[in-house]
Amino acid sequence: MKYFNKYIFVLLFAVLFVACNDDFLDRYPQEELSDGNFWKIPSDAEMFVADVYRRVLPGSSQGDVDGDINSDNAVHGIKWAAGNISKGVYDPADQGWSGDYAAIRASNLLIKKIDEIPNYAKEDKEAVVGEARFLRAMSYFQLIRKFGDVPYTDSPLDLSQLKIGRTPHKEVYDKLMEDFDYAIEKLPVQWSAAKYGRITKGAAHAMKARAALYFGDFETAAQESEAVISSNQYELFDKGNTGLYQELFWEKQESCKEAILVRQFKNPELTNYIIGWGAFPGVGWGGINPTQSLVDAFECLDGGSISQSSLYSEKEPFANRDPRLSACVLHDGELRYGITIKVAPLRSSGNTGIAQHNDATATGYYNNKYLDPSVSIANTWSGGKDWHVIRYAEVLLTYAEAQNKINPLDSKALDAVNQIRARVGQPDLQTSNASLYTYVANADELNLRIQNEWRVEFALEGSKRQWDIRRWGIAKKVLNEPFLGLKYTLSEDGQSCSLYEGKSIVLSGSKYEDHNYLYPIPQEELELNFDLGQNPNY
């Protein structure tokens with residue numbers, strides 16, 4: 001089903017022909033691809049926009065799989081790979097936005113040049129412009145979410161040539177919403193099978209809802225997510241709860257009806273290392289290690305938290321829990337790729353034990369979400385699984401959160417969140433029986449349950465939690481507390497170990513102050529344009 005990739009592969013050939021080994025898009029505006037060999041036929045525009053997809057959709061070869069280390073959900077077991085943000089260090093020299101503006105510049109160039117192509121069917125041309133405007137809007141959304149006020153331009157000229165100052169983020173927000181509206185109007189509900197992977201009307205509604213929710217525009221978030229729901233184009237994978245939830249994150253379900261927008265990969269032409277980077281437990285490669293806080297966030301089967309439910313056993317913490325816990329977190333005693341995971345910090349535990357080597361698990365847990373049994377261990381560094389940029393569960397939770405803000409304790413909000421719970425067998429949240437753990441008495445209590453659903457449903461799926469804890473105003477609390485791993489007790493002679501008792505592993509955690517809600521403006525950009533100015537307290 002990896003059809004849209006063909007445009008990327010054709011584009012790579014065009015790069016060699018047109019650009020003589022220079023980057024195809026980074027050469028304009030000097031040439032603006034005006035060598036007479038481009039902007040001649042409709043497929044030129046399709047090839048061009050395919051490269052903009054590559055620049056905007058997350059991302060690189062491992063997707064966004066390590067984004068959760070910038071939250072309280074995970075730490076990096078591969079110690080050298082943990083970036084400064086995960087440590088609470090916000091250095092302007094670490095920041096950059098050239099990639100975002102390269103994508104914006106490319107989108108602007110396509111919008112400018114596409115009318116030069118003769119005999120281009122109006123509907124087809126407008127759809128490609130819709131893709132470009134979606135990608136431009138998504139780029140600007142990610143910029144204002146990170147930096148606040150940023151330069152805005154719809155010119156194909158480079159920022160270094162324009163030398164413009166920063167536009168208030170509210171104005172940028174209004175403009176990117178106009179781009180999403182154009183995309184919604186012009187994009188098809190579905191593309192043909194040969195164009196699988198291209199942005200659809202539903203993806204434009206969903207991304208607009210994501211942006212609106214982040215900036216507290218609850219009316220728009222509810223309206224746009226409801227448009228996706230009412231389109232009847234998408235549904236939760238395994239909505240009937242037949243026990244297949246884990247397969248949602250395997251290659252065979254990458255194009256299921258829950259997938260609204262994907263970043264495409266294809267082995268061997270365009271591979272990723274989502275599995276190898278996230279967890280390579282056969283050799284004890286630490287990957288992305290869930291924290292104890294994340295493990296504890298999953299409810300018991302009766303809907304109660306581990307501090308409430310009598311079903312919870314500290315000695316058997318994975319028993320009688322929300323099935324999403326086991327789908328997400330690999331723990332001691334499980335078999336993967338023919339190897340039994342042993343996390344005790346003993347030589348007998350082999351490579352998978354705590355502190356056995358520099359890249360071993362730091363918390364006693366491994367990432368289980370992408371360990372696809374159909375992929376041989378030899379291929380975990382060259383996978384072909386598409387990365388889910390937006391899936392239908394996000395739309396339902398967006399609707400639930402926004403609707404509860406608009407109409408507190410609304411039944412529609414309850415229904416949306418309960419659809420997600422039901423597909424893994426968790427009991428419905430409800431307002432009628434206060435004796436049950438699923439009872440919510442008011443909108444604030446429902447909001448907290450929805451926030452927890454965001455956490456457990458999307459755990460280890462990238463940077464969602466990082467931005468959620470900011471918009472909810474809880475980042476300062478959760479990031480400044482020590483991060484914990486599992487509990488264990490070593491015998492006096494150091495020859496045996498008891499797990500899930502004793503003292504917890506204590507990690508350094510992160511650091512967050514109020515001004516860190518916005519990242520610092522990149523130092524490199526400040527040196528190029530003094531008119532930008534720095535964000536407060538940097």
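Q: How much space lies in the second largest pocket?
A: About 890 Å³. Keep in mind that this is a predicted model.

Q: Which residues are closest to its centre?
A: Ser293, Asp296, Ala297, Asn452 and Arg455. They come from a lining of 36 residues.

Q: And which elements give two or more residues to that lining?
A: Two or more each come from α10 (292-297), α14 (443-457), α16 (475-479) and β9 (483-490).

Q: Which one gives the most to the second largest pocket?
A: α14, with 5 residues.

Q: What about the classes in that lining?
A: The second largest pocket is lined by 15 nonpolar, 11 polar and 10 charged residues.

Q: OK, switching to the largest pocket. How much space lies there?
A: The largest pocket holds about 1300 Å³.

Q: How many residues line it, and which are closest to the centre?
A: The lining of the largest pocket has 49 residues. Closest to the centre are Asp64, Arg145, Lys146, Ser463 and Trp467.

Q: Which elements give two or more residues there?
A: For the largest pocket, the helices are α2 (42-56), α3 (98-113), α4 (122-147), α7 (201-214), α12 (392-406) and α15 (464-471). The strand β8 (387-391) also gives two or more.

Q: Which element has the largest share?
A: α4 does, giving 8 residues to the lining of the largest pocket.

Q: Last one: how many charged residues are in the lining of the largest pocket?
A: 14 are charged. That lining also has 18 nonpolar and 17 polar residues.

Key: Residues are numbered from 1 along each chain as its sequence is written. This is a predicted model: local features need pLDDT of at least 70, side-chain atom pairs count only at pLDDT 80 or more; totals for chains, interfaces and linings use all residues. Side-chain values use heavy atoms; hydrogens and water are left out. On a 1 Å grid over the protein atoms alone, a cavity is a set of points where a 1.4 Å probe fits but cannot get out, and a pocket is an open set with protein on both sides within 12 Å along at least five of seven lines; lining residues have an atom within 4 Å of a point. Grid points are joined across faces, edges and corners, and a volume is the space filled by probe spheres set on the points. Helices (H or I, at least four residues) and strands (E, at least two) are DSSP runs, numbered from the N terminus. Ala, Val, Leu, Ile, Met, Phe, Trp, Tyr, Cys and Pro count as nonpolar, Asp, Glu, Lys and Arg as charged, and the others, Gly among them, as polar.
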